[in-house]
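Please examine the sequence and the model below before reading on.

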Amino acid sequence: MKKIAIVTTTRADYGLLAPIIKKLRYYETEKLKIELIVTGTHLSKKYGYTVEEIKADDVRIDHFVQTSVKSNSEWDISQNQSDTLLKFTHLFLKEKYHAVTLLGDRYETLAIAIAAGNMKIPVFHLCGGDTTEGAIDEWIRHSITKISYLHFTTNEKSRQRVIQLGEEPKRVFNYGSTSIDNILNTPIMPKKEVLHSVGLSECRYAVCTYHPVTMDNTMVDNYIQQFLSAIKYFSEIEFIVTKSNADHGGARINKLLDQATEKIKNLHVFYSLGTKRYLSLMRYAEFVLGNSSSGIIEAPTFKVPTINIGDRQKGRLQSNNTINCNTDTQSIINAIKKAMDVHFQRICQTVTTPYGDGHASEQISKKIVEVIMDEKINLQKKFYDMDIKK
């Protein structure tokens, strides 16, 4: 029997992996099993214990791997990685998977990829080739690419970058982002109902996420204070904020947000909203605000303005609904004013997403099964050389 593992480490990657998990399990037989491994912040009460969201989706979980998720220092991050590496090596030794499917660019995902590489297990990687110059995700993502055998990028530019990294073109596929699959296939809640679910009545609101800028995390307090000052300026708008991830500085951001909710009446902070509620809120939002990839990738499909703060997402492929601004309060205020301008909102109604047509999960799943059952994987990858213009 062939066994494929899918690993989810956070609320963010689970939302993108969920449609693939479901599609892959259509192929389960006596000859093929798809196992879901849940780890990272999913199992941490400090980060919302989001494994409950997976259970609520009635998705079978095959393994729980409890790992360290401290994020107060660089030492904590390295300790998290070493803990993840050892525990996943142990699991892989026991389960002997024929492939491991990973998504994105988190530091714990790199540790899992290394564990798979040491065990000579092929890695199938989603969302490689993107660029985010303001985060350590940049080099982590490209490192996972070099460990991986199959590559599923979200857009054509990223596909070309993966090939530029020396990966054979016939193993690199641009099927788009599964986030578009989610948008097109998730039933959107009525506005009144979704607002009620977060304790609000009819109002104008924005959806926000602010993660650490991990290439420059020495100014976390200043960044968040500037962000909160901008929120206070727009007292007529309710700001629904999801907490930060477990990157270095994330715990500090979450503490500052919790403290601010006691002073700022139009600030509403949540560990996690879940895919259905999050997408439903985005659908009716005045704008999306922060430095998460979600606003850049998902908001164009809803024709909603996105304000991208700072350098964390610098280099990521954007649509014309995105407004880039600096991290200071006045720049954020100016960007919000632009997002609420009628002329800019009209521009947003004309944008199209470069991230696929909403059929990524079915194409990715089909290719994964095809490659696994074909039994012709050769991990002695030949570096694909390109002509370089001097």
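How many cavities of 30 Å³ or more are there? The count by this rule is two. The model is a predicted one, in which local features need pLDDT of at least 70 and side-chain atom pairs count only at pLDDT 80 or more, while totals for chains, interfaces and linings use all residues. Residues are numbered from 1 along each chain as its sequence is written, and side-chain values use heavy atoms, with hydrogens and water left out.

Rolling a probe the size of a water molecule over the atoms shows where empty space is left. A cavity is here a set of points, on a 1 Å grid over the protein atoms alone, where a 1.4 Å probe fits but cannot get out, and its lining residues have an atom within 4 Å of a point. Grid points are joined across faces, edges and corners, and a volume is the space filled by probe spheres set on the points.

The largest cavity holds about 70 Å³ of space. Its lining includes Thr-209, Tyr-278, Asn-291 and Ser-292. Two or more lining residues come from each of strand S11 (287–290), helix H12 (293–297) and strand S12 (306–309); helices (H or I, at least four residues) and strands (E, at least two) are DSSP runs numbered from the N terminus. By class, this lining comprises four nonpolar, eight polar and no charged residues. In this division, Ala, Val, Leu, Ile, Met, Phe, Trp, Tyr, Cys and Pro count as nonpolar, Asp, Glu, Lys and Arg as charged, and the others, Gly among them, as polar.

The second largest cavity contains about 40 Å³ of space. Among the residues lining the second largest cavity are Leu-103, Cys-127, Phe-152, Gly-176 and Ile-364.

On the surface, Tyr-384, Met-386 and Ile-388 form a nonpolar patch with about 310 Å² of accessible area together. Such a patch joins nonpolar side chains (Val, Leu, Ile, Met, Phe, Trp, Tyr) within 5 Å, from residues with over 30% relative accessible area and no salt bridge. Accessible areas come from the Shrake-Rupley method with a 1.4 Å probe, and for residues only the protein chains shown count as cover. Met-386 lies in the segment after helix H16 (360–374). Met-386 counts as partly exposed because its relative accessibility is 41%; buried means under 20% relative accessible area, exposed over 50%, and partly exposed in between.

Side chains of opposite charge can pair when their charged atoms come close. A salt bridge is a side-chain nitrogen of Lys or Arg within 4 Å of a carboxyl oxygen of Asp or Glu, and the whole structure has 22 of them. In one, Lys-33 pairs with Glu-35, with the closest N and O atoms 3.3 Å apart. Lys-33 is partly exposed at 28%, whereas Glu-35 is buried at 5%.

Is the pair formed by Glu-108 and Arg-106 buried or exposed? Both residues are buried, Glu-108 because its relative accessibility is 5% and Arg-106 because its value is 10%. Their closest N and O atoms are 3.1 Å apart.

Arg-159 and Glu-156 form a further salt bridge, at 2.9 Å between the closest N and O atoms. These two are about one helical turn apart because three residues separate their positions in helix H6 (residues 156–164). Finally, a network of salt bridges links Arg-25, Glu-28, Arg-60 and Asp-62.

Note on methods. On a 1 Å grid over the protein atoms alone, a cavity is a set of points where a 1.4 Å probe fits but cannot get out, and a pocket is an open set with protein on both sides within 12 Å along at least five of seven lines; lining residues have an atom within 4 Å of a point. Patches are made of residues with over 30% relative accessible area and no salt bridge: like charges are joined within 9 Å, nonpolar side chains (Val, Leu, Ile, Met, Phe, Trp, Tyr) within 5 Å. Buried means under 20% relative accessible area, exposed over 50%, partly exposed in between (1.4 Å probe, protein chains only).
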